[in-house]
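Please prepare a short report on the structure shown below.

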Protein chains: 2
Amino acid sequence: MSVLIYSGGLDSTVLLYKLAAEKRISEALSFDYGQRHLKELDCARKNCEVLNVKWRLVNLHDIGSLFGENSLTDERIAVPDGRYDDSNMRSTVVPNRNMIMLSIAAARAIAIKDDSVAYAAHAGDHSVYPDCRPEFSDAMESALKLCHYYPICLLRPFSSMNKAQIVALGSKLGVDFLNTWSCYKGGEAHCGKCGTCRERREAFAAAGIADPTKYAG
Amino acid sequence: MSVLIYSGGLDSTVLLYKLAAEKRISEALSFDYGQRHLKELDCARKNCEVLNVKWRLVNLHDIGSLFGENSLTDERIAVPDGRYDDSNMRSTVVPNRNMIMLSIAAARAIAIKDDSVAYAAHAGDHSVYPDCRPEFSDAMESALKLCHYYPICLLRPFSSMNKAQIVALGSKLGVDFLNTWSCYKGGEAHCGKCGTCRERREAFAAAGIADPTKYAG
């Protein structure tokens with residue numbers, strides 16, 4: 001059984017549905033690390049309710065100030081518009097976020113005697129986010145196998161999929177895409193212009209699936 | 001420059017003094033993860049004041065409940081007496097504690113553009129604590145080198161030293177051992193009987209250095 005790192009975004013929601021369908025999930029952990037797009041956490045809670053998966057919110061709000069200058073946790077820095085793979089997306093990198101979330105999820109897995117943690121890193125993340133690259137995940141997998149008396153495995157079934165393939169899988173699994181949140185700006189509606197909104201729109205288009213998202217403007 | 005994971009215990013205080021003497025430390029991070037021996041944090045703060053090292057307390061108090069049954073964060077479970085390497089010390093294992101602290105320290109190092117994190121794992125830790133074993137630290141070192149655009153190094157200068165050698169080094173560096181805290185029970189004075197108190201006493205004896213600690217009873 002697995003503990004899922006679950007943001008409430010599109011990718012991790014598809015993974016939630018997949019693990020729930022396979023009866024391989026015991027808990028989903030969402031993290032408040034001071035991100036401005038807290039709306040994703042509402043989506044996370046609601047999807048877990050729908051699927052009857054135990055949901056936990058991990059409060060790391062106080063450590064947001066440790067992360068220094070980045071546009072997700074520092075309100076003085078604007079979230080950039082542009083393509084997801086642009087170098088200006090680097091301001092959206094929260095340092096070492098995945099290792100922090102994986103380490104806490106592994107602690108929880110050990111506490112409840114699960115054998116694995118799961119996360120939804122996918123092939124499209126790799127260019128911008130160093131802690132989504134396969135070589136980082138491989139190293140984390142090695143560390144997780146050694147962090148306790150028995151090995152904790154790292155599940156990352158989307159690591160060689162692109163976001164369009166994830167949308168297609170989510171559609172098959174009956175994911176309610178309206179109840180997933182991607183936009184980094186944290187407004188009332190998806191802005192449609194930031195890197196993650198553009199990536200979301202393009203994924204639906206590439207998958208040939210109607211995008212139900214209401215974009216602003 | 002380094003960010004130190006700093007508990008306020010004997011080993012990490014000696015490392016604080018060592019890094020300060022070498023002018024290789026920019027910040028020391030101490031963690032409140034719900035441990036019953038919070039007294040160590042007072043020691044940490046005071047030693048950083050004395051050495052004029054920037055000290056930060058990382059508040060993870062809320063996540064203590066994730067850790068399940070262990071004697072350090074669950075008050076219903078007694079801290080065992082006995083030798084440090086006894087199997088009954090396993091109840092003092094907080095799951096994946098070192099990975100959590102290393103990941104947050106690395107995030108801070110990235111934010112302030114340091115190149116390394118340091119921690120005081122030593123040879124005597126290995127038998128009980130899976131996340132103090134060299135093979136775990138090796139795997140973490142690999143992950144830390146890949147978690148950002150530039151590598152974060154893992155400093156662990158005590159990894160092949162025993163605690164007696166650490167006491168001897170601390171004595172040379174002028175460490176105020178009275179202002180270090182080992183006891184897991186978190187009483188007014190060191191209990192003298194739990195595994196970590198026994199290890200502390202034996203280290204002073206083996207180093208041939210007078211132990212200034214006031215043990216209860």
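## Helix packing in chain A

In this predicted model, helix 1 of chain A and helix 5 of chain A cross in the left-handed sense (the near helix is turned anticlockwise from the far one by less than a right angle; clockwise would be right-handed). Helices (H or I, at least four residues) and strands (E, at least two) are DSSP runs, numbered from the N terminus. The axes of helix 1 (residues 10-21) and helix 5 (residues 163-173) of chain A come within 9 Å and cross at roughly 45 degrees. Helix 1 of chain A is therefore oblique to helix 5 of chain A, given that angles under 35 degrees count as roughly parallel, over 145 as roughly antiparallel, 65 to 115 as roughly perpendicular and the rest as oblique. Axes are lines fitted to C-alpha atoms, for helices over the stretch in contact, and angles run from 0 to 180 degrees between N-to-C directions.

Helix 1 of chain A contributes Asp11(A), Val14(A), Tyr17(A), Lys18(A) and Ala21(A) to the contact, while helix 5 of chain A contributes Lys163(A), Ile166(A), Leu169(A), Gly170(A) and Leu173(A). Residues are in contact if their C-beta atoms, placed from the backbone, lie within 7 Å. By class, this contact has 6 nonpolar, 1 polar and 3 charged residues (Ala, Val, Leu, Ile, Met, Phe, Trp, Tyr, Cys and Pro are nonpolar; Asp, Glu, Lys and Arg charged; the others, Gly among them, polar).

## Sheet of chain B

Strand 1 (residues 2-5) and strand 2 (residues 25-32) of chain B pair over 4 bridges in the parallel sense, with Ser2(B) opposite Ile25(B).

## Interface

Contacts link 32 residues of chain A with 32 residues of chain B. Helix 3 of chain A gives the largest share of the chain A side, 9 residues. That side has 21 nonpolar, 6 polar and 5 charged residues.

## Confidence and conventions

The complex has an ipTM of 0.89 and a pTM of 0.90 from the predictor. Residues are numbered from 1 along each chain as its sequence is written, and chains are lettered from A and ligands numbered from 1 in the order in which they are written.

Conventions
Predicted model: local features only at pLDDT ≥ 70, side-chain atom pairs only at ≥ 80, totals over all residues. Pairing = 2+ DSSP bridges. Contact = placed C-beta atoms within 7 Å.
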